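Me: Hey, I've got a new structure to look at and could use a hand. Can you walk me through what's in the picture?

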2 protein chains.
Amino acid sequence: MPAIGDVARLAGVSKATASRALSGRGYVAEDTRRRVQAAAARIGYIASPDAASLVTGRTKNVGVVIPFVNRWFFGEVLEGIERALLSAGYDLTLYNLAQAGPERDRVFDFFLARKRVDAVMAVGVDLTEREVEVITRRAKPILALGGTAPGAPRLAIDDRAAASLATEHLLKLGHTRIAHLAGAGSGAAARSVQGLRRSGFLESMDAAGLAPAGNSGGVVEAEMSLPGGYAAALQLLGHPGDRPTAIFAASDEVAFGAMRAAERLGIAMPSQLSIVGIDGHEYAELFGLTTVEQYPGEQGRIAVARVMRLLGEVSDDGAPEHDDTPLKTRLVVRSSTTSAPR
Amino acid sequence: MPAIGDVARLAGVSKATASRALSGRGYVAEDTRRRVQAAAARIGYIASPDAASLVTGRTKNVGVVIPFVNRWFFGEVLEGIERALLSAGYDLTLYNLAQAGPERDRVFDFFLARKRVDAVMAVGVDLTEREVEVITRRAKPILALGGTAPGAPRLAIDDRAAASLATEHLLKLGHTRIAHLAGAGSGAAARSVQGLRRSGFLESMDAAGLAPAGNSGGVVEAEMSLPGGYAAALQLLGHPGDRPTAIFAASDEVAFGAMRAAERLGIAMPSQLSIVGIDGHEYAELFGLTTVEQYPGEQGRIAVARVMRLLGEVSDDGAPEHDDTPLKTRLVVRSSTTSAPR
DNA sequence: CTGAAAGCGCTTACAG
DNA sequence: CTGAAAGCGCTTACAG
């Protein structure tokens with residue numbers, strides 16, 4: 001493998017000049033630059049990133065912590081991040097970490113604390129203070145996309161507002177018996193994504209003077225997946241008395257599961273049951289699901305842009321440093337919701 | 001950030017000894033080792049991987065090239081790989097690359113050819129000879145999981161056999177009018193996964209003395225996704241004459257799309273239409289889909305084990321160096337297939 | 001605009 | 001079993 005010394009020799013300059021010519025940092029005569037670049041191209045020289053980071057302290061590598069790869073939202077975000085990072089010349093090191101625990105500690109203490117990443121992006125993870133501190137102590141930016149991260153910059157939709165929007169859509173249709181398929185753990189973790197959606201639902205119901213309707217007090221927790229939604233909806237809808245006429249599901253995948261459960265139970269949709277979700281899943285259109293869309297791929301791109309700014313990669317583009325505007329959402333009405341049966 | 005010199009000073013030894021004590025390579029008195037480790041722990045020392053790779057040439061990092069993150073099979077594989085790599089102490093650098101093109105060239109020539117990864121895993125990608133050569137020229141192992149990779153070790157299920165198994169299941173049920181929803185590009189790329197599945201189908205039909213049935217000659221290409229399967233199945237099933245009584249779909253997601261299309265067209269399942277897929281998707285059970293299961297998470301783990309062997313990370317465990325046994329599959333019969341209507 | 005020198009933080013022969 | 005020295009491949013002040 002050719003090293004920079006080989007390029008220098010071939011171009012008849014010093015290694016210092018070769019380095020400057022190739023990196024574009026510092027003054028080099030136009031003619032010299034061309035000669036160096038030609039030499040580098042000729043022998044297929046590629047700088048060793050390890051050697052470079054050793055002296056610059058920059059690795060051109062970002063660590064991404066994400067609890068799932070195989071859920072629609074997370075997969076989309078990851079793709080968006082990957083694409084944006086790649087085109088900024090950065091590598092993405094993936095840490096697929098579910099809940100807190102020894103494994104996650106190990107990643108933060110050992111993998112992320114090393115000098116191998118310039119910044120950390122946490123997607124949909126509820127970070128502990130200690131985790132944030134481990135990274136910031138190393139003077140590395142850490143950005144949360146969704147989830148929670150005490151003391152770190154955070155990008156997210158307004159989950160509470162999204163939930164209210166979905167709920168109010170059902171209320172406007174005249175539903176009074178509305179249940180919520182909440183994310184698992186939403187009761188315990190009020191500030192988590194699931195918790196915020198649950199609060200948004202409860203607030204809107206409350207404001208309308210209504211209590212959640214159906215089995216288990218009208219709020220059933222479900223794993224945020226299609227099978228999770230299916231199982232929870234069977235409990236909710238299979239109960240003899242007291243069936244709700246509408247369901248607000250914490251995510252589209254949960255909503256799909258609920259649709260499947262309704263089908264299984266012979267409940268006609270939407271005439272006997274309306275369902276609304278959150279996400280804008282790629283299958284939502286096909287299944288006619290009304291949902292509050294968000295745009296995870298774009299969110300990933302925006303998050304990368306923010307990180308690049310934190311890393312000083314972009315000259316100040318006038319964008320405010322602290323932009324706490326929530327990310328974009330939009331209610332898309334389809335055939336899964338209709339007016340309440342009378 | 002503490003460096004190895006700090007540890008050495010604190011322990012009262014040289015940097016060389018500190019290095020040996022921490023890495024476990026070379027002789028160090030038991031007592032010395034303990035002192036060094038205590039010192040390292042006390043100041044929270046973590047070795048700089050960049051500095052280490054500069055001299056060892058090893059990065060403890062594997063590059064993974066994968067065309068999708070958000071398709072079930074690929075997401076599962078990626079999770080499996082990530083977990084296995086992490087527990088082997090390796091990082092995973094993700095390259096989410098779809099079809100060949102300038103972007104992919106850039107990744108191979110620039111990102112992967114640098115000294116930043118020790119090995120490359122390509123999941124479900126059809127690699128060009130040049131791509132394989134770029135990596136092997138740098139003396140790095142490259143392993144293909146699915147897809148094709150001229151001249152590189154490869155792990156895969158027997159796609160042709162899996163397709164035959166699915167097809168023969170339908171034949172045994174008495175179906176004679178069978179169509180295939182093939183993967184996009186399966187006609188052009190005979191050695192690709194989609195191509196092999198298509199061949200397996202055609203061979204089994206041929207052996208049974210049957211021709212594919214239905215619109216477009218009984219073989220319709222579909223994007224390997226639920227919406228892709230839906231669109232293709234509408235073409236196949238919506239055609240007035242000549243409807244098949246059974247469909248072999250190139251993947252479970254395509255099969256789900258076909259089920260949805262049948263539902264939309266009012267075709268009763270399975271009495272009027274049987275459907276079988278390939279994958280063992282997490283939703284297959286819920287939707288009662290008969291399928292030839294494969295185990296992508298486990299495949300990822302197996303692939304990592306193989307790569308570790310290629311990297312000399314594991315002492316010879318007696319496993320053969322060249323094991324071309326296909327990966328495991330299994331036919332799981334559910335309610336989506338039944339005997340042919342008469 | 002260019003070059004010689006130092007140094008980033010490690011590991012590895014080589015002596016002892 | 002341990003240490004001094006060299007060196008991995010770069011970049012960055014510092015002179016000139």
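Predicted model: local features only at pLDDT ≥ 70, side-chain atom pairs only at ≥ 80, totals over all residues.

Me: Got it. How many helices and strands are in chain A?

Reply: Chain A has 12 helices and 11 strands.

Me: And is chain A a compact globule or more spread out?

Reply: More spread out: its radius of gyration is 25 Å, well over the 20 Å that the globule rule gives for 342 residues. The radius is taken over C-alpha atoms, and the rule is 2.2 Å times the number of residues to the power 0.38. Along the principal axes, the C-alpha atoms of chain A fill a box of roughly 90 × 40 × 35 Å.

Me: What share of chain A is buried?

Reply: Buried residues are 50% of the 342 in chain A. A residue is buried if 20 or more other C-beta atoms lie within 10 Å of its own, exposed if 12 or fewer, and partly exposed in between, with C-beta atoms placed from the backbone.

Me: What about contacts, how much comes from residues 24 or more positions apart?

Reply: Those account for 70% of the contacts in chain A with a separation of 6 or more. Two residues are in contact if their C-beta atoms, placed from the backbone, lie within 7 Å.

Me: Ok, switching to the cores. Which residues have the most contacts inside the largest nonpolar core?

Reply: Leu181(A), Ala258(A), Leu181(B) and Ala258(B), in a core of 88 residues. There's a second, separate core of 84 residues, and it includes Phe108(A), Ile135(A), Val62(B) and Met121(B). A nonpolar core here is a set of buried Ala, Val, Leu, Ile, Met, Phe, Trp, Tyr and Cys residues joined through C-beta atoms within 7 Å.

Me: What does Ala258(A) touch?

Reply: Leaving out residues up to four places away in sequence, Ala258(A) touches Leu181(A), Gly229(A), Ala233(A), Ile247(A), Ala249(A) and Ile275(A). Ala258(A) is also one of the buried residues of α11(A).

Me: Is α11(A) mostly covered or mostly open?

Reply: Mostly covered, with 11 of its 13 residues buried. The end C-alpha atoms of α11(A) are 18 Å apart, which agrees with the 18 Å its 13 residues should span at 1.5 Å a residue; the expected span is 1.5 Å times one less than the number of residues.

Me: What follows α11(A)?

Reply: Gly266(A) does, and its phi is positive, near 70 degrees. In the loop between α11 (252-264) and β9 (274-279) of chain A you'll also find Pro270(A). The peptide bond from Met269(A) to Pro270(A) is cis, with omega near 0 degrees.

Me: Where is Pro270(B), then?

Reply: In the loop between α11 (252-265) and β9 (274-279) of chain B. A cis peptide bond joins Met269(B) and Pro270(B), with omega about 0 degrees.

Me: Which residue other than glycine has a phi near 65 degrees?

Reply: Ala139(A) is one, in the loop between α7 (129-137) and β4 (142-145) of chain A. Ala139(A) counts as exposed because it has 8 C-beta neighbours inside 10 Å. Asp242(A) also has a positive phi, about 65 degrees; it lies in the loop between α10 (226-238) and β8 (246-249) of chain A.

Me: New topic: how many residues of chain A are in contact with chain B?

Reply: 34 residues of chain A are in contact with 34 of chain B. On the chain A side, α5(A) gives the largest share, seven residues. By class, that side has 17 nonpolar, six polar and 11 charged residues. Ala, Val, Leu, Ile, Met, Phe, Trp, Tyr, Cys and Pro count as nonpolar, Asp, Glu, Lys and Arg as charged, and the others, Gly among them, as polar.

Me: What rotation superposes chain A on chain B?

Reply: One of 180 degrees, with 0.0 Å of shift along its axis (RMSD 0.0 Å). That is the relation of a two-fold axis. The superposition is by least squares on the C-alpha atoms of residues with pLDDT of at least 70 in both copies. The copies meet through the same surface, since 100% of the interface residues of chain A are also interface residues in chain B.

Terms used:
Residues numbered from 1 in each chain as written. Chains lettered and ligands numbered in written order. Helix = DSSP H or I, 4+ residues; strand = E, 2+ residues; numbered from the N terminus.
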